[in-house]
Amino acid sequence: MTAETARQVLMILRGNYPNDAWKLEGERAKPFVGAMLQQLGRYPDRVVLRAVGAIIEDVETLPSVPMRKKRIKAEINKVPEFNALPQREINEAGREKVRDIIKAHKQRHKERKEGSQAAFNIEDVRPAVVAYARELFPSISDANLVRNRDVFAWMKRDGQQVDGYPCRLMMSKLTGLVDPFLQYPFKKR
């Protein structure tokens, strides 16, 4: 609240409470304005004016500064009424279809979880990823392809690049794991 708003509030209160207006004139008004600025200075002008208007409607005698502060806090903390948006009709057949898909996926996941990693087979890997892996490593076994399916899918998706740098895939002869290796460009000296 600014000093100008405090003067406006003072004039509004003088006009609405003529019997108590003598308390808000001359030298008597200065402590009142000072108390208002001290206690209500951090609140926005529009909130203070709105709260003063609400107090005038409710209170018949001149309101004190703490009473106005309490009303302003209530105004600020007031939760707006929530009106829900209109809802469309729900397609129950579609919902049931989605529930069935989710249930089937959960069941497959549960079966795989119980059967560990070996439960995945070559049919679970997308055909495009299988073709990409066979292009890079023609003699790769199905088990190794399934084991490294996430690396192959990642490299296929990103065009065999990491952060814009070309990348090579190398397979370990001992473990069969496929690892990406970045190829940084060399600067000529």
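In which helix is the place of Gln8?

Modeller: This is a predicted model, in which local features need a pLDDT of at least 70 and side-chain atom pairs count only at pLDDT 80 or more, while totals for chains, interfaces and linings use all residues. Residues are numbered from 1 along each chain as its sequence is written, and side-chain values use heavy atoms, with hydrogens and water left out.

Gln8 has its place in helix H1, which covers residues 3-16; helices here are DSSP runs of H or I with at least four residues, strands are runs of E with at least two, and both are numbered from the N terminus. With a relative accessible area of 35%, Gln8 is partly exposed, a class that lies between buried (under 20% relative accessible area) and exposed (over 50%), as found with a 1.4 Å probe on protein chains only. Although 41 residues separate Gln8 from Leu49 in sequence, their C-alpha atoms are 8.6 Å apart in space.

From there we can turn to helix H3 (residues 45-58), which packs with helix H4 (residues 65-77) at an angle of about 115°, their axes being 9 Å apart. The axes are lines fitted to C-alpha atoms, for helices over the stretch in contact, and the angles run from 0 to 180 degrees between N-to-C directions. H3 is therefore roughly perpendicular to H4, since 65 to 115 degrees counts as roughly perpendicular, under 35 as roughly parallel, over 145 as roughly antiparallel and the rest as oblique.

On the H3 side, the contact (heavy atoms within 4.5 Å) is made by residues including Val47, Arg50 and Ile55, and on the H4 side by residues including Met67, Arg71 and Ile72. The residues of this contact of H3 with H4 divide into 9 nonpolar, no polar and 5 charged, where Ala, Val, Leu, Ile, Met, Phe, Trp, Tyr, Cys and Pro count as nonpolar, Asp, Glu, Lys and Arg as charged, and the others, Gly among them, as polar. Arg50, which is found in helix H3, is partly exposed, with a relative accessible area of 42%. The C-alpha atoms of Arg50 and Ile72 are separated by 8.4 Å, and the two residues are 22 apart along the chain.

H4 also packs with helix H2 (residues 29-40), here at an angle of about 30° and with the axes 10 Å apart, so H2 and H4 are roughly parallel to each other. H2 passes H4 in a right-handed crossing. Among the residues that make this contact are Phe32 and Met36 of H2, and Val65 and Ile72 of H4. The contact of H2 with H4 divides into 7 nonpolar, 1 polar and 2 charged residues.

Further along the chain comes a sheet. Strands of a sheet pair through backbone hydrogen bonds, either parallel or antiparallel. In this model 3 strands form an open sheet in the order S1-S2-S3, with antiparallel pairing, and two strands pair if DSSP finds at least two bridges between them. S1 and S3 stand at the edges with a single partner strand each, so one side of each is left without a neighbour in the sheet.

Gln160 is partly exposed, at a relative accessible area of 21%.

Strand S1 (residues 161-162) is joined by 2 bridges to strand S2 (residues 165-171), and Val162 stands opposite Tyr165 in S2. These strands form a hairpin with 2 residues between them, and Asp163 in the turn has a positive phi of about 55°, although Asp163 is not a glycine. At 75% relative accessibility, Asp163 counts as exposed.

S2 is in turn joined by 5 bridges to strand S3 (residues 178-182). Cys167 has Leu182 as its bridge partner in S3, Leu169 stands opposite Pro180, and Met171 stands opposite Val178. The hairpin of S2 and S3 has 6 residues between the strands, and in this hairpin Gly176 takes a positive phi near 85°.

How values were computed: Left-handed = near helix turned anticlockwise from the far one by under 90°.
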